[in-house]
Amino acid sequence: MKKIIIVLMMLAVPVLAKVDLTTLPARDSVQLTIYNSADITLARESRDLTIREGLNRLQFSWANTLIDPTSLEMMALAHQSDIDVMDLTFPPRVRELGLWNIQSEVSGKTPFEISYFTSGISWRAFYMGTLSENESKMTLQGYVRVTNNSGEDYENAQVRMVVGEINLLDQISMLAQRQYPYGSPMPIPKAFRETETLSRKSNTRSLGMLADGLMMAESAPAMMAKDVMKESLSEYQLYSIEGTETISNGWSKRLPSFKPKDVPVKNLYKYEERMYGPNVIRFLSFKNDKEHELGDSPIPEGVLKVYRNVDAQSHLAYTGQSGFKYIPVGEDVELNLGAVGNVVVEPKLMDYKTDNYRFDGNGNIKGWDEIRTFKVELKNTREIPVKLEIKRNFDSSYWTIKNEGKYGEYEKIDLDTVKYTIELAARAKKEFSYELTTYNGSRMDEFIKANR
Amino acid sequence: MKIIRTILVLVMVMATMAQGRIKLVALPERADSIVRLDNPQFTLIEEERVLTLQQGVNKVDFSWKGVNIDVDSIRLSVIDHPDEVKLLNVSYPPNEAALVWEISSNQAREETVRISYLLGGIDRLVTYKAVADKDETQVDLKSYIVLRNFSGEDFDNTQIVLDYGQTFMRDIRHEETKQLQFFKKTEVPITKIWTFDARSMVWDPETVPDQNIGIPVSYRIVNDKKSKLGDNALWDGKTRIYQNDGHDSTIFLGEDNAPMTPVGEKVELKLGNSRDIVVTQRKMDTKDINKIFTKESDYRNRRLVMFDREELITAKIENFKDKTATLTMIQQIPGEWEMLDCNMKYTRKDNNTIEFEVKLPARSADGPAKKELEMKYVIRHIRANQQPRVINR
């Protein structure tokens, strides 16, 4: 449905009157720049308008769309020094209509550009990963899905997507639905406010219906091998889809954002009680760099569904899914696939004793040490090698640790957390132990002195 | 619709006859009018009208309906013959939105007067549009007046004035909103800044695995001559910032409310967040030292009077961008404190706030550019009910 209508009114003399209304120019081209962090799309359309020397009035209306009138801008693409866009008026008692006054020194066909924000068009990235049988490689495919619920059909639009978190003060959908484009300095009468709420409710309903229609559209995805050009601008990434796309109101479209890549992955398992409780969490880890067949551009946030090749006929098993955040170039990726039972981490308290009691003049205890010995058993029941990261949290910053066995290399993460990193072969078992001493009361002071 | 009327009331001046107002036909039209919008809260209307005055005392009736005029703000000034034409007094008829001026004139004449008043329901917003170049070193800045007339009054061919910039002659209808560009400056220099504020932002992104901790990014513009501005204070208003994308088009970078910016002052406008700069801040150690207790002989009854807490903070800063960046890092240390060790230069912003400026190179083939802050400080803790003066330091 075409709902944005442009009417050019030509005036021989600059007076305010209804005058001969001539041209109804069609959209020549349209470019959509769609954001994913907020419901906002920058639309830029060019139209050839036949203008006359003198004052021209251009009427732009957008009933039943979600255009933000405060973002409307018009610009001549030729004869710029001879064409003055004087003002933009939102006339009284008419909704969703703007009127430009254009003073021109030239006449004839002139290209103009009209740009505005609209709400209701969105895009998101999602991914499919297929693990090789030994789970050492993952074929990664990236997609974007663009959805148009803006009320307007955009035919043959150049589609661009922005990855990034922009600062927005007002919701575009709110600006699009205001009674007056810039609000009013007067309080809006109560009766009026009520009707406004009502109309907004019905609008929400109709959006709900659109969402249903959208599910149908998804079952027949349009696959096209188009290139997506990626570049970085300011703090954002701009993805431009090759050629043009037609996205009708209510429809969405899936487009590949990057082609399948064979990414070497590590099967990483993590254990940290403070973060995950007493569970082992499975991660797939890789890096957004050349070594991992990636690293051309950041990877936008999205959900990755992970499958696994189970046999030579390429039958698939579904492993799980993970939402992940935006990944800059060069950053490590860890995809959380959830808790598992086939890799086991079991920390056990093997010994508890106290020592080094200190007494005051009255014979009361003023300081002591607690010594705990933990054994951590690790079991990999899978047929592939895995990497394990075990974090241990203490409830004190007055501690020392002694390690036994050959896996006792740890890294201090913060004041009360250490991390052990251990590789386990297929169907292998390992264990390591550590002795944790915590210092209490006046033993804290002695501990500080001893460590200076 | 015209709701504000000025009616010339001619009354033969007789000492005893002052009752009853007779409105006469003389209904002078507005000549010139000005809508002055330099006060963000109140809009001043000035209109000129030509009065046909008789010799002697004339009564001029000024009345309005359905508009909100601040009665005490109404002023009348005589333009052509201020020495011969005098405003004698102003009276207010009962239960009417009106007033009556008594004007004396030494002869019959056509006299131009200016009527000024504050009118409610009409105001303006100021908005900006800035388009940055691809390298983000400068912006083209346009400013617009958005005139909102919900006053109940129509104005024909009236002059619209802010305090500087362009003025406009326009018709303004009741319930009309009009957007007018009132200045444009090209190639205004900007500085791009990234800020990590440890007071309000998440320290360790690993604790929120599903979320990027974006670093706020702003453009700084100085309102001075060097920046091609500096003639006037910049009005406060919503600013939308775009960037030239190098393909004859722009992308939208973000928007922020610019505060009122006097000449010589700077304004910082937030665009959005960078997710290519990552700060991981952690407390690596904390220890209590120099403990002083009360002197009870039983250790269990002793109370801690004061102690010093040493803290070791590290903040790893990674730049994943292929461009350099300068990060402003704000750290807060509460109470009475002393820096023991710090591997980066800082400036003290106030007693509890320090600021670092960290220059970050671009990422290399090996990965992100990294810098790490390490600071160790000590904070004095004193038990709340202890008077500092009784403590023997």
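**Entry 1. A sheet in chain B**

I began with E22(B) and strand E25 (residues 369–382) of chain B, which pair antiparallel over 5 bridges. For a residue pair I took B:Asp341, whose bridge partner in E25(B) is B:Lys376. I note here that the model is a predicted one.

**Entry 2. A second sheet in chain B**

I looked next at an open sheet of 6 strands in chain B, ordered E5-E8-E3-E2-E11-E12, and found its pairing to be mixed. Its edge strands are strand E5 (75–78) and strand E12 (168–172) of chain B, and each pairs on one side only. Ignoring direction, neighbouring strands of this sheet are turned against each other by 30° on average.

A:Trp123 is the residue I picked here, and it stands opposite A:Val146 in E10(A). The hairpin of E9(A) and E10(A) has 5 residues between the strands, and in this hairpin A:Glu135 takes a positive phi near 60°.

I also found E10(A) paired with strand E16 (residues 252–264) of chain A, again antiparallel, over 10 bridges. There A:Leu140 has A:Lys261 in E16(A) as its bridge partner.

**Entry 3. Domains of chain A**

I looked up the domain assignment of chain A, which lists domain 1 (5–118), domain 2 (121–130 + 141–172 + 198–259), domain 3 (264–339) and domain 4 (343–450). I took domains 3 and 4 of chain A further: their centres, taken over C-alpha atoms, are separated by 29 Å. Domain 3 of chain A puts 10 residues into the contact and domain 4 of chain A puts in 11 residues.

On the domain 3 side, strand E17 (266–272) and helix H3 (273–276) of chain A are the elements that give two or more residues. E17(A) gives the most to that side, with 7 residues. I sorted the residues of this side by class and got 4 nonpolar, 1 polar and 5 charged.

**Entry 4. Where chain A touches chain B**

Last, I went to the contact between the chains, which takes 49 residues from chain A and 58 residues from chain B. On the chain A side, at least two residues each come from strand E2 (29–35), strand E3 (41–51), strand E6 (83–90), strand E12 (165–166) and helix H4 (442–450). E6(A) gives the most to this side, with 4 residues. By class I have 24 nonpolar, 14 polar and 11 charged residues for the side of chain A that touches chain B.

I also checked for strand pairing between the chains. E12(A) is joined by 2 bridges to strand E18 (residues 266–274) of chain B, and the two run antiparallel. A:Ile166 has B:Gly272 in E18(B) as its bridge partner.

Methods: Residues numbered from 1 in each chain as written. Chains lettered and ligands numbered in written order. Predicted model: local features only at pLDDT ≥ 70, side-chain atom pairs only at ≥ 80, totals over all residues. Contact = placed C-beta atoms within 7 Å. Nonpolar A, V, L, I, M, F, W, Y, C, P; charged D, E, K, R; others polar. Pairing = 2+ DSSP bridges. Domains from an automatic or database assignment. Axes fitted to C-alpha atoms, helices over the stretch in contact; angles between N-to-C directions.
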